Amino acid sequence: MTKSKAAFLFASQTLGKQRLYLWTFTFRELLEVKETRKRWNHLLTLLLRTWPRLQGLRVFELHEKHGLHVHLITNQFIHVNRTRELATQAGWGRIHVTRMPSEHAGYLAKYLSKDRPECLYRWRLWAGFGKGWEWAKVKDVIRETLFSRMYRACKEWKGWTGKTSFFERMALVRRLVIRTIEEGWEIGFGPGGKPYYLCSVAELEILEDRNI
Amino acid sequence: MTEAELFKEVLQGVLLIVGEYRGSHAEEAGYVDRKSGNAIRYVRAIHLAECSWHGHVDCVIITERFPEHVSTIAQAQATFSYVRGQRYVFYIDWVKRERGQTFASLSTWGIEEIEGGKEALGPPPGGPAPHNLVLLETIPQCL
């Protein structure tokens, strides 16, 4: 699971406390992805102008045959015929809507599990919209794993700041993770529970790198 | 699994790694939302296997996700019945090589012992390494 997907699940949990609707917006013709995004921005503007209290989450999905389309979860009943009019105005084609039990709010996360197509590189695959609620952001999500705990211990030990020699740091932490598992050391400590700064390079069996 | 069965599976193209088991670690991994305090947690295990990679000994990090009924670290640890130094077959879903490290994900077929499998070949403790093997520690990994 990626951090982005975890943030989406947190956001959907927040939204999921309400009555939800799942929408799918597609096009009649196959469009370029940039054109789709443009039309989505137009449609969202129209939707929020019509229903200012509308809140929700949108996910882009690049379908194998039908190109890019948009899935939405909204917290409010909006009239489908009026939505269709707005969608036509913004150049969209087919619309589908269904009620969604709040516990299924994370359903759209499955689209975030797919491999990211190259044309969507650096795109926000999902985003929240609407005023009056705060959806979880990736920067608010903390990852808790053996690796992240050991990285924090090494950061403290070496006094790392910034992102200099990032890959060298990762290699060092990885080496220590392997040693910790093999030798059964306490997480974040060297042999005999000694803090890293008290251990020699030979004890930790790591390569001394002056850059990190 | 006998060596003959293993050979058959290799010829069938089953995705697997044969390696010397080095250790395991079970952990409760997950994500925490700083703002709401909500958390997504799951139990997983990391297994280490040593195998050969282009002529040198390499340690593969194999991650195992557990079914829902395994919800605690103790339950996960109870599944570790492997002997360090013994050779096993690790059935995997995928494998990737990233910046000098090999990662793999264990499939639902899990890990199987090779019956009658001798302990992994290697020098006696303290002895010199075979001339065709180069230990990773002697190669700068970050270059």
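How many residues does the contact take from chain B and from chain A? The contact takes 34 residues from chain B and 29 residues from chain A. The legends below describe close-up views of a predicted model.

**View 1. The two chains of the predicted model, shown by their secondary structure.** Chain A has seven helices and six strands, and its elements follow the order α-β-α-β-β-α-β-α-β-β-α-α-α from the N terminus on. Chain A comprises 212 residues, of which 49% count as buried. Among the contacts in chain A with a separation of 6 or more, 70% are accounted for by residues 24 or more positions apart. Chain B has two helices and five strands, arranged along the sequence as α-β-β-β-α-β-β. Of the 143 residues of chain B, 41% count as buried. In chain B, residues 24 or more positions apart account for 57% of the contacts with a separation of 6 or more.

**View 2. The interface between chain B and chain A.** The size of an interface is often given as the accessible area lost when the parts come together. Here, the area buried between chain B and chain A is about 2800 Å², and carbon and sulfur atoms give 57% of this area. Nine residue pairs are in polar contact between chain B and chain A, with both residues at pLDDT 80 or more. On the side of chain B that touches chain A, the elements giving two or more residues are strand E1 (16-33), strand E2 (39-53), strand E3 (56-65) and E5 of chain B. E1(B) gives the most to this side, with eleven residues. By class, the side of chain B that touches chain A has 14 nonpolar, seven polar and 13 charged residues.

**View 3. The salt bridge between Arg22(B) and Glu182(A).** One salt bridge is counted between chain B and chain A. The side chains of Arg22(B) and Glu182(A) meet in this bridge, with an N to O distance of 3.2 Å.

**View 4. Strand pairing between chain A and chain B.** Strand E6 of chain A, residues 141-144, is joined to E1(B) by four bridges, and the two strands run antiparallel. Within this pairing, Val32(B) in E1(B) is the bridge partner of Ile142(A).

**View 5. The surroundings of Gln101(B).** Gln101(B) is found in strand E5 of chain B, which covers residues 101-113. With a relative accessibility of 7%, Gln101(B) counts as buried, because this value is under 20%. The side chain of Gln101(B) reaches the backbone oxygen of Cys59(B) at 2.7 Å.

**View 6. Strand E5 of chain A and its pairing with strand E2 of chain A.** In a regular strand the side chains alternate between the two faces of the sheet. In strand E5 of chain A, residues 126-129, Trp126(A) and Gly128(A) point one way, whereas Ala127(A) and Phe129(A) point the other way. All four of these residues are buried. Strand E2 of chain A, residues 56-63, runs antiparallel to E5(A) and is joined to E5(A) by four bridges. Leu57(A) stands opposite Gly128(A) in E5(A).

Notes:
Residues numbered from 1 in each chain as written. Chains lettered and ligands numbered in written order. Heavy atoms only, no water. Buried < 20%, exposed > 50% of the residue type's maximum accessible area, 1.4 Å probe, protein only. Polar contact = N/O pair within 3.5 Å; in protein donor to acceptor, adjacent residues only side chain to side chain. Pairing = 2+ DSSP bridges. Contact = heavy atoms within 4.5 Å. Buried area = accessible area lost by both parts, 1.4 Å probe. Salt bridge = Lys/Arg side-chain N within 4 Å of Asp/Glu carboxyl O. Nonpolar A, V, L, I, M, F, W, Y, C, P; charged D, E, K, R; others polar.
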